[in-house]
Amino acid sequence: MNELPQQLVNGLLLGSMYGLVAVGYTMVYGIVQLINFAHGEIFMTGGFGALTVWLILPGGTSMWVALPLMIIGAVIVATTIAVGAERFAYRPLRGGPRLAPLITAIGLSLALQYAVWVWYPEAKSARTFPQIPGGPIELGPVTIQTGDVFLVIAAPVCMAFLAFFVMRTRTGRGMQATAQDPDTAKLMGVNTDRIIVIAFALGAIFAAVGAVAYGLKYGVVDYKMGFLLGLKAFTAAVLGGIGNIYGAMIGGLVLGVAETMATAYVDQIPGMEQLGGQSWANVWAFVLLIVVLLARPQGLLGERVADRA
Amino acid sequence: MRNRSLLILTTAVTAGALTLTACGSRDDKGGDSSGEGGGVTVTIGLDAPLTGELSALGLGIKNSADLAVKTANKKQYVKGVTFKLETLDDQAQPSAGQQNATKLVADKTVLGVVGPLNSGVAESMQKVFDDAKLVQVSPANTNPALSQGPNWASGDKKRGYKSYFRTATTDAIQGPFAAQYVFNDAKKTKAFIIDDKKTYGAGLAGTFKGEWEKLGGKTVGTQHIDPDTKDFSAVATQVKNSGADVVYYGGEYPAAGPLAKQIKEAGAKVTVVGGDALFSPEYVKLAGATAAEGDFATSVGAPIETLASAKEFLANYKAENYKEAFEAYGGYSYDSTWSIIEAVKKVVDGNGGKLPDDARAKVVEALQGVSFEGVTGSVAFDEFGDTTNKQLTVYQVKNGAFAPVKSDSFGE
């Protein structure tokens, strides 16, 4: 049986999740030139937010009732933490040396991981996440799991919403203006502080949706889930061209497909048996990143803009 | 522009490295059990993952060792000696394990160490302990190379470290035992073999594959996974299309659970089989009870609940009201601790009731000759420091929990 279509779908699904998280990296970078390394942990807290809602709801609640509430819970928790981080960890450092907020972000990332590890009940090992009932959906040669259906719907909807928001609304245009030149934007009457908070919040909303998708797809959430995924999402954002929201999504999809293809096919190339398999997928994903950056340093969709001093 | 890309790359790499190394060691002072009574205090060190994904197994090891120490103190088993347990957390990481080993070596009252859980961690500790002539008894390491040298598979067995012992049966028999059961009893013929490339997982998968093909089983595919990720969909699709009827996984439950879940959801009609690191309720929890139903795990020794010698252990464990279950290695941990206590007793008795100056070296010698009836059967060590007990058991998930289906002594 030809497994290529299924492997493509596997890759696209994984990539959509990377993309959802990558949007948060790229938006914050585009506006304040900060690599928010705590974003992976904001994703993680979103997952625990959703789980908390599920645990509060009375047992036996239908998933169709619970899921929207869980998404809301995830969004509230992730946004609160992201906005709080912006207000108390990053804003005081704005205008300082560029490494200061970066180190803060790394510290915040560890702090959030271990806060969940210490204080969330039974979070020292992975916690099971509720599942959507029902069997998989067969579409010709391709099988889509019930847990993935959410991702299939959520990822495009979120992207369409974001595109509309950034391009069509007043706030969105304010974001674009701030990204291009914060000082001029300020002179033109854009409240840049507010715009930055909105960028963090939007990133957190996407991460929260991504976290619910993660829980549904893999059946577990744990305190470390944001670390590796955050790193991959950041890679996706760089691959797509950091600062560009479509680039983040494209970068995510490319990275997801590349990893899946590397897992499935590299070891079938004669002479490459030792370099194949899932344990090498990350290596190939980063080889791809290096190749892309050598050819296009600005990333797939990045624009060639002069670096701000 | 070029500078910016470079900056991004460097920051990504340094951040990754920073975050990884930040998972250092952390002390756990919870396991102290200082007893009453005068004389000298002998410390028994304990190293296991008490936090992180494998903590369920680690905490069971800690509690059981604690119980052994308490029992010895209560009975005044060694006259004039009070035992104390010093508990350290290795988070299943070799680097943390080595730090803990150095720490234990530096403490002169430590005469023996129980642990660790992971074979990979043991590798990083062996030399530190051996140089200090400090005895180490692992309740759970199953990689044969630890005691029989790296070339054990080709028959060239050589003991590398005189101070290393274990009460757990090795993968050299665990893998083949699983292969025999899957082929002869479960009547499976086409295996897809997956491992996580760690010392334990790759060793187990290798020994399974060898015996499986010798028996006439077909290997329809192999994969190596990265246990740190959770997305195994590509592997799951491969398993489904390979037509395998059994998946053997060499690795631990934190990755095995999601892996089994994704393989079965992909529509593959397979039974997942693994070693003792799958034999945990956590596996069933992570895979989901429906997905895990019917899966097998082998584990070392006979089921503790069926052994007459374990009755006292079970009763005492319950009486102590430990928060966590003793899990797969509880009995072995108790026996490991007890073997050190026996060795100390021998040394003290042989020296007129006092600890000699070179107590550590003497304990190593004494442990080689230890023999007693423990929780898991008779405990004694062969010329490599391995247990002489070759009992193994196959467990199957039935109604959402592992239940023993076959227990046998492995014949080579």
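Biologist: In this predicted model, how are α5(A) and α6(A) placed relative to each other?

Modeller: Look at the crossing angle of the two axes. Angles of 65 to 115 degrees count as roughly perpendicular. Here the axes of helix α5 (residues 146-168) and helix α6 (residues 170-180) of chain A cross at roughly 75 degrees. α5(A) and α6(A) are therefore roughly perpendicular to each other. Their axes come within 5 Å.

Biologist: Which residues make the contact between α5(A) and α6(A)?

Modeller: From α5(A), they are A:Phe165, A:Val166, A:Met167 and A:Arg168. From α6(A), they are A:Gly172, A:Met175 and A:Gln176. By class, four are nonpolar, two polar and one charged.

Biologist: How do I read the overall build of chain A?

Modeller: Start with the elements. Chain A has eleven helices and four strands. Then check the radius of gyration. The value is 20 Å, close to the 19 Å that the globule rule gives for 309 residues, so chain A is as compact as a globular protein of that length. Its C-alpha atoms fill a box of roughly 60 × 55 × 35 Å along the principal axes.

Biologist: What share of the residues in chain A is buried?

Modeller: Buried residues make up 51% of the 309.

Biologist: How many residues does each chain give to the contact between chain A and chain B?

Modeller: Interface size is often given as the accessible area lost when the parts come together. Here we count residues instead. Chain A gives 42 and chain B gives 43. On the chain A side, 22 are nonpolar, 16 polar and four charged. Helices supplying at least two residues each include α1 (4-32) and α4 (99-119) of chain A.

Notes
Residues numbered from 1 in each chain as written. Chains lettered and ligands numbered in written order. Predicted model: local features only at pLDDT ≥ 70, side-chain atom pairs only at ≥ 80, totals over all residues. Axes fitted to C-alpha atoms, helices over the stretch in contact; angles between N-to-C directions. Parallel < 35°, antiparallel > 145°, perpendicular 65-115°, else oblique. Contact = placed C-beta atoms within 7 Å. Nonpolar A, V, L, I, M, F, W, Y, C, P; charged D, E, K, R; others polar. Rg over C-alpha atoms; globule rule 2.2 N^0.38 Å. Buried ≥ 20, exposed ≤ 12 C-beta atoms within 10 Å, placed from the backbone.
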